[in-house]
Amino acid sequence: MSERQLTHVQLEGSMVPVVADCDVVVIGAGPAGHSAAVSAARNGSSVTLLERYHHLGGMASGGMVLVLDDMVNEGNEIVTTGLVDEFVERLEKQDAAVYPPREECQTNWEMWQKWSRWGCIDFHKAMMPQPIIHAVAFDPDAWKRVSLDMVREAKVNLRTHSWFSDVLMEGGKITGVIAQTKMGRQAIRAKIVVDATGDLDVGVAAGADYTDGQFIVTTVFRLCDVDTKKAIEFEFSHPEEYKKIDRQARRVIGGAWGMWWLKTPLPGVVWCNCPHMPGYDGLTPEHMVAAEYEGRERMMNLLAYARENVPGFENAKMLGAAEQMGIRQTRLLQGEYVVTKDDVSSRRYFQDTVCRGRDYYTPYRSLLPKGIDNLIVAGRHYSVDSDAQKLSREIPPCMSQGEAAGVAATLALEGDIALRQVDHKDIQKRMRAQGADPGDAPSANALIEPAVAAE
């Protein structure tokens, strides 16, 4: 139903209680928002973190995107570092993270058989076997626990079950936000606001320029009681027979990556990053409901097929679908600089790079909206065109964006200056100091263009 077809009601204004006054409020506690909150707090800011769900971690936990990738440049050079490394270390201590040791990141069939079903592959390469690279399979509930630990240790004021509703504005400055809760509307006043909603909810409410994008949505799920050893042995001992079965499985699910199931740190539990469903708008309630219906029907069809046809899956059971639907693209900020597909694919280096992904660089300007003060974004809705976003939206790079945004917010407060006046070199320096690679030292394969003289 379009806006023109809707009827409307008139609401009167009301007094909204202020439940927090802080330096920085972060909206959205997914990987980007969590990183922004922890980064800002560790750098000395008082931080409030607002989250609509009961858990932290967003797509890494509630969305069950259970492999951290997009962290390496050509040659397995690890370039996405910082808080993501700390997450992996903490997950490891809970036996909740698996990744190949450096010496096993090779390109051969032996390592492929050992590591491909963990998702630790360079899926950008068309060759077979694809190279084994640094990527991390993890458990979603452990991610929630680690997230809570880090927030508590950083003394972040956490407010879950709080759905962003509106912004507080004074002229062109954002001065806080309003959240909808079971207690009614509540206000959080802040000197700087970080939009980590994934859909640019705060930016749109504040009047930021944006463009609409759309990509596939996914109802991710897990199966338990799978004999993964038997399944892998069959795959490699009967390759042609397995290919036929696997091809039909992907037809049944109606859209999947090359591998529709991957191993997880929990024995007998596999992750299915499917079905892929195009044509749904990740902002529209009617579309989201329809996708839930369709996705669950497809996953049960796949389970039935797998139990009948895939060795190792005879006793498989549905462990459950992700709490959050996998939405890859909706609104995209059109900020101080819009990252293009050519920027990403050519590995273009920017002088004001403050974070990086696999082999691309993210300029500080792409985190800043035009014409709105005190607002910075972090996550898949940063200032980027649609095709470029599809290549630069993975969890680790979004975490690096959040970490950079938290640093930038603190630097702005320390200097009593606007966010756009923060020197990118200062962000880079502080990112380095806390163990993150801000991309200030480009890799050998980066595209570095000569500076253009000012006219």
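A: For angles, under 35 degrees counts as roughly parallel, over 145 as roughly antiparallel, 65 to 115 as roughly perpendicular, and the rest as oblique. This is a predicted model, where local features need pLDDT of at least 70 and side-chain atom pairs count only at pLDDT 80 or more, while totals for chains, interfaces and linings use all residues. Residues are numbered from 1 along each chain as its sequence is written, and side-chain values use heavy atoms, leaving out hydrogens and water.

Let's begin with H7 and H8. Helix H7 covers residues 239-253 and helix H8 covers residues 285-309 (helices are DSSP runs of H or I, at least four residues, numbered from the N terminus). Their axes come within 8 Å and cross at roughly 160° (lines fitted to C-alpha atoms over the stretch in contact, with angles from 0 to 180 degrees between N-to-C directions). H7 and H8 are therefore roughly antiparallel to each other. The crossing of H7 past H8 is right-handed (the near helix is turned clockwise from the far one by less than a right angle).

Who touches whom here? From H7, Ile 245, Gln 248, Ala 249, Val 252 and Ile 253 meet Arg 298, Met 299, Asn 301, Leu 302, Tyr 305 and Asn 309 of H8 (contact means heavy atoms within 4.5 Å). Sorted by class, this contact of H7 with H8 has seven nonpolar, three polar and one charged residues (Ala, Val, Leu, Ile, Met, Phe, Trp, Tyr, Cys and Pro are nonpolar, Asp, Glu, Lys and Arg charged, the others, Gly among them, polar).

Helix H2 (residues 83-93) and helix H4 (residues 140-153) have axes that come within 10 Å and cross at roughly 120°. That makes H2 oblique to H4, and H2 passes H4 in a right-handed crossing. The tally for H2 with H4 is seven nonpolar, one polar and four charged residues.

Helix H1 (residues 31-42) comes within 11 Å of H2, axis to axis, crossing at roughly 105°. H1 and H2 are therefore roughly perpendicular to each other.

Note on methods: Helix = DSSP H or I, 4+ residues; strand = E, 2+ residues; numbered from the N terminus.
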